[in-house]
Amino acid sequence: MDKHFGKVFSPSDLREIRNDFPILKVKIKHRPLVYLDNAATSQKPQCVIDALDRYYSHYNSNVHRGLHELSELATTAYEQSRQRVAHFLKAKESCQIIFVKGTTEAINLVAQSYGRPLLKKDDEILITALEHHSNIVPWQVLCEQTGAKLRVAPINLQGEVIQEEYEACLSEKTKIVALAHISNALGTILPIKAMIAKARAVGAITLIDGAQAIPHLRVDVQDLDCDFYAFSAHKVYGPTGIGVLYGKKELLEAMPPYQGGGEMIQSVSFEKTVYQNLPHKFEAGTPHIEGAIGLHVALDYLHSLGYEGIAHQEHELLLYATELAHKHHLRIIGEAKEKTSILSFMVDNIHAHDVGTILNHYGIAVRVGHHCAMPLMEFFKVPSTVRASFAFYNTQDEIDALFEVIPKVREVFQ
Amino acid sequence: MNDELAELYQELIMEHNRHPRHYGVLAPCTHQAAGFNPLCGDQIKLRLQIENDLIMALMFEGKGCAISIASASLLTEALEGKSLAEAHELFTLFHETLTGQPESSHHSARLGKLAALIGVQAFPSRVKCATLAWHTLEAALANKDTPVSTE
């Protein structure tokens, strides 16, 4: 699959990349689809689609149980995916990679399995003001269960976490620090390495919500020295319904299972059940086998393109879109210095829902709404925003198509 | 502009969005409720003065898209002076029309100005915007204290 692209994709590289994604040829209302909703979910390259087809056509079987040929093939493919993910995140061992439904389940797993037995009244959990609901609500549930308190490190008007305030929120009471690597609503990249070190200095463990980061940045969990890192396959060109929780081995080993069932046990009697070792202790029931296989291929595909080329292309798209947004006098929500390819904006006082409906009529898919970050919308005093999020397969022509509709929106609402 | 879009954002809708009728706080009032659309964050508060099963006065306030604000405004115009039975009947007609129920093709004459919202039929994801104020009305009449959600 190796494409040997350079650090900057050439026009022919970009054509080849677009050809890898069959959905980009779809027409919406007789116009070519312009897909700018990549932060919600990314499209899938043909190689991922083929991998799922191959699995179901040639070696569909349950894993870890059968002695027959197909089961061995499926088990090998499933476990190879775990090794691929471990290598991808630079984890020490593949048993530190737990397959889950997605980032949301990973965070809930840590809250319930790590947090619930440990936290006591007046302990503190620290998050930031730009978190997705999935990195807010599981901690609120945990606070209700344990009497712990949720603290929130504030952001500035550019959408950056105010580092002095973050430090001021940390104390020996802080037991868990849960941070987005990249804000899904604003695109802000958080300086998580420094933030993790500060959390560690007060004895807190750290969880990083990497849902928006994995598609854009190379992540090295050992270099970051985070305790947990979570991401979802579908945002990184893989299938929906599967994600990853990475954890430090000593923490995962000490944690009780999150769910009980088959697959996660060594022996069961009505008197006593002995749980499996890592990682199976956390994978009750038949797992999302084809999801793991698809994720493996998606990560191979990403590797074949190279993060340098991806980052360069996406940065160019962001700069181009930001320039056009200024030219069209749009209010940009989130102007952090360190930002990924997400552009959240308002067209005058026109509600984002109305803007989204009109954009859709011209074949342009964006996300409109509060982006599962209602406290953040409250901070910026907007009910919702229009969010265009770009992937490496997007083009400047597509961004032009987006901004050509803006005067039409204003015409309707003049 | 595309026909479906023109049908959705027709002049009467845009005019009610720019200048919503009966906008503000009705005090005192006998019934009130808050409505919320979690999909987009739209919020409507509706207050009514009801005497002997007649809607004597009603006002709304809130934030929302053009469709939800225009729909709330049109609702207040349509229901002032109506009986509760008439209000319920109008909601049924309106809801059936927006969701494209087969029996709804004859409703438009009885809907009056509310028929301006028929264009929403072509936009299933926007039906909740148009019905938010009506669900809020139902909650206010039932005197439910908890905010009503369109989900």
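Biologist: How many residues of chain A are in contact with chain B?
Modeller: This is a predicted model. In it, 16 residues of chain A touch 22 residues of chain B.

Biologist: And what area is buried between chain A and chain B?
Modeller: The buried area is about 1,500 Å², and carbon and sulfur atoms give 62% of that.

Biologist: Which residues in chain A lose the most area to chain B?
Modeller: Those are H353(A), H361(A) and V412(A), which together account for 35% of what the chain A side buries.

Biologist: Changing topic: at what angle do α2 and α3 of chain B cross?
Modeller: Helix α2 (residues 11-18) and helix α3 (residues 66-79) of chain B cross at roughly 90 degrees, and their axes come within 8 Å. The two helices are therefore roughly perpendicular to each other.

Biologist: Which residues make that contact?
Modeller: From α2(B), the residues are L12(B), I13(B), H16(B) and N17(B). From α3(B), they are A66(B), I67(B), I69(B), A70(B), S73(B), L74(B) and E77(B). By class, seven residues of this contact are nonpolar, three are polar and one is charged.

Biologist: Now the cysteines. How many disulfides are there over all chains?
Modeller: The count is zero.

Biologist: Is C169(A) buried or exposed?
Modeller: C169(A) is buried, at 7% relative accessibility. C372(A), with a relative accessible area of 26%, is partly exposed.

Technical notes:
Residues numbered from 1 in each chain as written. Chains lettered and ligands numbered in written order. Predicted model: local features only at pLDDT ≥ 70, side-chain atom pairs only at ≥ 80, totals over all residues. Heavy atoms only, no water. Disulfide = S-S within 2.5 Å. Buried < 20%, exposed > 50% of the residue type's maximum accessible area, 1.4 Å probe, protein only. Axes fitted to C-alpha atoms, helices over the stretch in contact; angles between N-to-C directions. Helix = DSSP H or I, 4+ residues; strand = E, 2+ residues; numbered from the N terminus. Parallel < 35°, antiparallel > 145°, perpendicular 65-115°, else oblique. Contact = heavy atoms within 4.5 Å. Nonpolar A, V, L, I, M, F, W, Y, C, P; charged D, E, K, R; others polar. Buried area = accessible area lost by both parts, 1.4 Å probe.
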